[in-house]
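Please read them beside the sequence and the model.

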Amino acid sequence: MDERLRVNAILCSGHGLCAELLPEQIDLDEWGYPLLSDEPVPKKLRPLARRAVNDCPVLALMLVRGR
Amino acid sequence: MTGTAFWYASRATGVISLILFSLVAILGILVNRQGRLPGLPRFAVTGLHRNLSLLTVAFLGTHIVTAIVDGYAHIPWMSTVVPFSSGYERFWIGLGTVAVDLFAALIVTSLLRDRLKPSVWRAVHWLAYVSYPVIVVHSLGASKDLRSGWLLALTMATVFAVISAIGYRVLDAFAAVPRPGRVPEQFQQTDQIRTDRIRTDRIRADRTGSVR
Amino acid sequence: MTAAIQDAATRDAASARSDTGNQGPSGLPRLLPADSQPMDLAAHLRVHGPTPYRGGARMLIHTIESAGLTGRGGAAFPTHRKLTAVADQKGTAVVVGNGAEGEPASSKDQTLLWSSPHLVLDGLQLAAEAVGARKVHLYVHREPRLVRRLELALAERATAGLDRIKVGLVTAPARFLAGEESALANRVEGGAALPRFTPPRIFERGVNGAPTLVQNVETLAQLALISRYGPAWFRAVGTEAEPGSMLTTVRLANGGGGVAETPLGTPLARLLRLAEYPAQAVLVGGYHGAWLTPEQASRLTLSNADLRPIGAAVGAGVLAALPADRCGIVESARVVRYLALESAGQCGPCLNGLPLIADTLVQLANHRSAPSARGDLQRWSKLVERRGACHHPDGTVRFLRSALTAFAGEVALHEAGRCSAGSYEPFLPIPAGSPDHKDDWS
């Protein structure tokens, strides 16, 4: 099952932890907000993705299954 | 170990738990304000906050167990979670129990945080502000250790540090532009169309209305 | 008359007569009163008869499907699918009629509510019956005269025992995003009219967690007519793919215009009388819509079949023809500045990006743009698109890009320090002054 990153844009306040933990899939725009890859998270990066989800101070980052 | 050894262990781990909790609280405020620690990436600030809180669990657990195992004070195991159920120093120990209950809620919800709704996790985490004064009062009341000498100085220093951090948090929140005002704040000076300054060339429109 | 699709299952020829024995209005108008006089309950009952309840949930949905009704609030989503989606949810549904246009250039909803409130209110009851709802609301902007009129209409219906479910009137702030579906749900719940992050979608979990049907008031009025007169009647105007009539708010190049009911598929040039009042560009779809060149406007019709391929859409029927003597960049800059001020301010990219875009466009309008302006606008447009909780940044970018294309010549003039306009009299309506942002979202 594919897993993709999604961010709740309302909760997100640009802490930027996610981009530090998962630079392969997350970049920051010029205002500090996350730019997420459209591609599914590769299997070997999933533990890191889960950590990024868990570490987000405002719980804005999510991993969703499927399309 | 003799009873006295357990008792000393409990008092020592109690002091350490207080200091650790204070550090954890200050780091928590730092994370919330998007602060950085020199030389450390952002995820390390969060990581430190979490790891120190788990260390606090260890010291707090030892503090409680040694206090109960030590026979002298006759604190029942139940007092770990049921407040004001101890015969010995019912009130002060009871406050400690309240603090443990609150702290347990913080830890458990944080361990499960990716499974909880963000609003639920956040609501419980606010209890940290409630638990801090309870912890400090318990610490000062349950034993005479912190009321004199260098331990008193240490306690006052940590309390001062935490109160400063909380003060900074509150001031920052007040100074923040409320959501509806954020948008106009973003506009720079040049946000008006000054039609009096636009130079126009007199150009005639042709019959189909397009302008050359 | 177009060859209407006679669906074997819809023997609605019988129901093409209302209880008064009338057949549906032939030709137009349908939604608006024939004599332009607002219809009170007595007039409404005379012309259309009482509310044709079906007697159970879902029974109306097939009729609506045969009619091919799509939402008239802007998205043109097939109404029967929305009804089915809500009816399929677990839990008792809530229905909200959305009359909060939000769009300054649109007045069709308030006109409809003023002139034919009972069609809308019938539609609300019928939709509620169709999805098995037990709570019904009508959501309108806080305009005192309209609110009073609606309260009177509801009182009339209560006396006559027409409404099976009591309708709660909810007022909305005068914000562009107030009519957005999730902002509506928040406001109906008693909070501020701010958009939510979705999923869950409003039809799944809306007002107080219940499955919520949000339908534009014009869609509800159309539904009320279809229930009486049938799909064949509905399809008698419009195109096969996009049947029926719709309300449009038209602004002619000479400043005239107003709300008009027109069949889908009508040529834009006819609607805007471009032959009499030539335009340098035509705005279709309001402030989240797109500018068309005169060539496109002269060729295309009011239909998504014609408009979607060029990146535009029918939307909520807002049409404006910009006269030749105005400056397209100045007009567009005013609009984009307004849109930036109307950001809910909840999401970083929109909150940061839209004011920057607006400032840059205003500087271009003022002949003060930096050489990097075009590149900046392109970059920021890509940065704000689809990165908010709602579609406000997306719509703004669509409007902006179409303006830069349609007014490319004017952009070049402005970069060179010139402008071709004869007048800076504002053409497109922008609400005056800067809104007091303190608590104006509730």
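1. In the contact between chains C and A, 10 residues of chain C meet eight residues of chain A; two residues are in contact if their C-beta atoms, placed from the backbone, lie within 7 Å. Helix α13 (residues 348-365) of chain C supplies the largest share of the chain C side, three residues. That side has five nonpolar, four polar and one charged residues.

2. This is a predicted model, in which local features need pLDDT of at least 70 and side-chain atom pairs count only at pLDDT 80 or more, while totals for chains, interfaces and linings use all residues. Residues are numbered from 1 along each chain as its sequence is written, and chains are lettered from A and ligands numbered from 1 in the order in which they are written.

3. Chain C is divided into domain 1 (14-234), domain 2 (245-321) and domain 3 (328-415), with bounds from an automatic or database domain assignment. The centres of domains 1 and 3 of chain C, taken over C-alpha atoms, are 34 Å apart. Nine residues of domain 1 of chain C are in contact with seven of domain 3 of chain C.

4. C:G317 lies in the loop between α11 (304-307) and β9 (318-322) of chain C; helices (H or I, at least four residues) and strands (E, at least two) are DSSP runs, numbered from the N terminus. Why is C:G317 buried? It is buried because 25 other C-beta atoms lie within 10 Å, and the term requires 20 or more. Leaving aside residues up to four places away in sequence, C:G317 touches C:K108, C:M246, C:L247, C:T248 and C:T249.

Terms used
Ala, Val, Leu, Ile, Met, Phe, Trp, Tyr, Cys and Pro count as nonpolar, Asp, Glu, Lys and Arg as charged, and the others, Gly among them, as polar. A residue is buried if 20 or more other C-beta atoms lie within 10 Å of its own, exposed if 12 or fewer, and partly exposed in between; C-beta atoms are placed from the backbone.
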